[in-house]
Amino acid sequence: MNVKINYNSSSPITSAKDNKWKFIDELYFERFTKVSLYRNKKYKYYGALKQYIKTNISKDYLKKKIVYIENEIKINKMLNGIPNIVPLWFYYETNKEFGLMTKYMNGGTLLNIMFDYKSEFDIIHDIIYPLLTTIRFLHKNNIVHRDLKPANLFIHNKKLYVGDFGYSYVINKPCNLPDKVVGTIQYMAPELLENYLEFNKSFNYSFEIDIWSIGIILYELIFHMKPFGWSNYRNICVENPCNPIFIRKCINNNLKIDKNKISEDCEDFLKKCLHKDPRKRYTIKKLLEHKWISKYLNKINDYNSKCHQEVLQTPMNRHSNSGKQVVRMCCWKNHSSIY
């Protein structure tokens with residue numbers, strides 16, 4: 001394939017060309033999208049190559065797809081080098097396809113492990129807190145993700161990464177708010193869903209739609225089903241779970257919460273995310289200041305402080321085989337700071 005390749009400046013692969021990559025396996029394929037695993041022969045990094053096959057896409061849809069691909073590249077350049085963001089290493093275009101090479105996420109997506117979490121603490125520590133801090137960075141930089149869902153949250157070495165920015169929107173000016181409905185119906189805020197069904201052309205929205213999506217994700221992580229009576233255990237639905245009319249009907253119900261499976265603080269956090277009035281929904285800043293999160297952070301700080309004291313009080317072993325002093329270290333696994 002003879003094609004010019006464009007590089008993202010933070011890529012650890014500085015001289016990537018087609019003959020520098022070895023195909024390993026096909027990870028995913030559908031009508032016009034293919035994802036393959038590659039390894040860079042020189043640097044040994046694994047990459048996931050997402051290919052959009054032009055010949056399998058109608059002309060009208062291809063025009064829309066080009067807009068989303070260009071948008072994904074633009075947003076990734078803006079987020080270049082930010083922790084908890086799936087790195088885009090390079091991209092290209094030929095007459096037959098578009099290609100985007102990202103870092104390979106060895107843990108797959110959150111969708112694959114949604115029901116593995118056993119405690120609120122693990123959910124906050126592994127998913128919700130890193131997700132909140134990453135979305136805070138996006139919102140502080142006027143970026144609305146617009147398609148937060150488990151399939152767009154990736155795991156690499158047990159660390160959370162946010163990806164797929166094709167639907168994301170940059171609010172350049174206060175008056176330049178998004179007005180088009182995009183995203184995934186099951187994670188759409190009520191105001192988006194109403195517009196999707198009624199086609200209200202005067203509709204505008206902002207960061208609050210991401211907050212709703214975070215609430216849906218958290219509810220699924222805890223209860224293993226959709227909220228508002230939408231589904232039973234593990235998302236088993238009586239009706240079509242992708243039918244927007246059915247979803248709207250469910251959202252009109254009161255939020256159902258089993259108080260035996262959730263703490264009062266977590267319940268309140270969920271309600272702040274899943275408020276049907278977007279004006280009353282918490283901002284990302286308020287969510288990070290919520291007592292459910294602050295108690296988690298206090299517990300982490302107490303643990304690290306205790307471990308630090310243990311290290312200081314532990315005598316050095318001066319009789320190790322290597323002849324070097326050995327100190328028993330104890331520390332909590334950290335989440336990278338994003339600013």
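**H3 against H5**

I looked up the handedness first: H3 passes H5 in a left-handed crossing, the term for a near helix turned anticlockwise from the far one by less than a right angle, clockwise being right-handed. The model is predicted; I took local features only at pLDDT of at least 70 and side-chain atom pairs only at pLDDT 80 or more, while totals for chains, interfaces and linings use all residues. Residues are numbered from 1 along each chain as its sequence is written, and side-chain values use heavy atoms, with hydrogens and water left out.

I then noted the geometry. Two packed helices are described by the angle between their axes and the distance between the axes. Here the axes of H3 (residues 190-198) and H5 (residues 244-251) come within 10 Å and cross at roughly 140°. That makes H3 oblique to H5, given that angles under 35 degrees count as roughly parallel, over 145 as roughly antiparallel, 65 to 115 as roughly perpendicular and the rest as oblique. Axes are lines fitted to C-alpha atoms, for helices over the stretch in contact, with angles running from 0 to 180 degrees between N-to-C directions. Helices are DSSP runs (H or I, at least four residues), as are strands (E, at least two), numbered from the N terminus.

I listed the contacts (heavy atoms within 4.5 Å). On the H3 side they involve Pro190, Leu193, Glu194, Tyr196, Leu197 and Glu198, and on the H5 side Pro244, Ile245, Ile247, Arg248 and Ile251. By class, this contact has 8 nonpolar, no polar and 3 charged residues. For the classes, Ala, Val, Leu, Ile, Met, Phe, Trp, Tyr, Cys and Pro are nonpolar, Asp, Glu, Lys and Arg are charged, and the others, Gly among them, are polar.

**Burial in H3**

I checked which H3 residues are buried (under 20% relative accessible area; exposed is over 50%, partly exposed in between; 1.4 Å probe, protein chains only). They are Pro190, Glu191, Leu192, Leu193 and Asn195, and they pack against helix H4 (208-223) and H5.

Glu191 got its own entry. Glu191 counts as buried because its relative accessibility is 13%. Leaving out residues up to four places away in sequence, Glu191 touches Phe203, Glu208, Ile209, Lys276, Pro278 and Arg281.

**Arg279**

I found Arg279 in the loop between helix H6 (264-273) and helix H7 (284-289). Arg279 counts as exposed, at 74% relative accessibility. Arg279 and Glu208 are 71 residues apart in sequence, yet 8.0 Å apart in space, C-alpha to C-alpha.

**Positive phi**

Which residue just after H3 takes a positive phi? I noted Phe199, at about 55°.

I noted two more entries under this heading. Arg146, in the loop between strand S7 (143-144) and strand S8 (153-156), has phi near 75°, a positive value in a residue other than glycine. Arg146 is buried, with a relative accessible area of 11%. Asp164 lies in the loop between strand S9 (159-162) and strand S10 (169-170), and its phi is near 55°. Asp164 is partly exposed, at 23%.

**Whole chain**

The chain has 8 helices and 10 strands, and 47% of its 339 residues count as buried. Of the contacts between residues at least 6 apart in sequence, 64% join residues at least 24 apart. The accessible surface comes to about 18700 Å², with 51% belonging to carbon and sulfur atoms; areas are by the Shrake-Rupley method with a 1.4 Å probe, and for residues only the protein chains shown count as cover.
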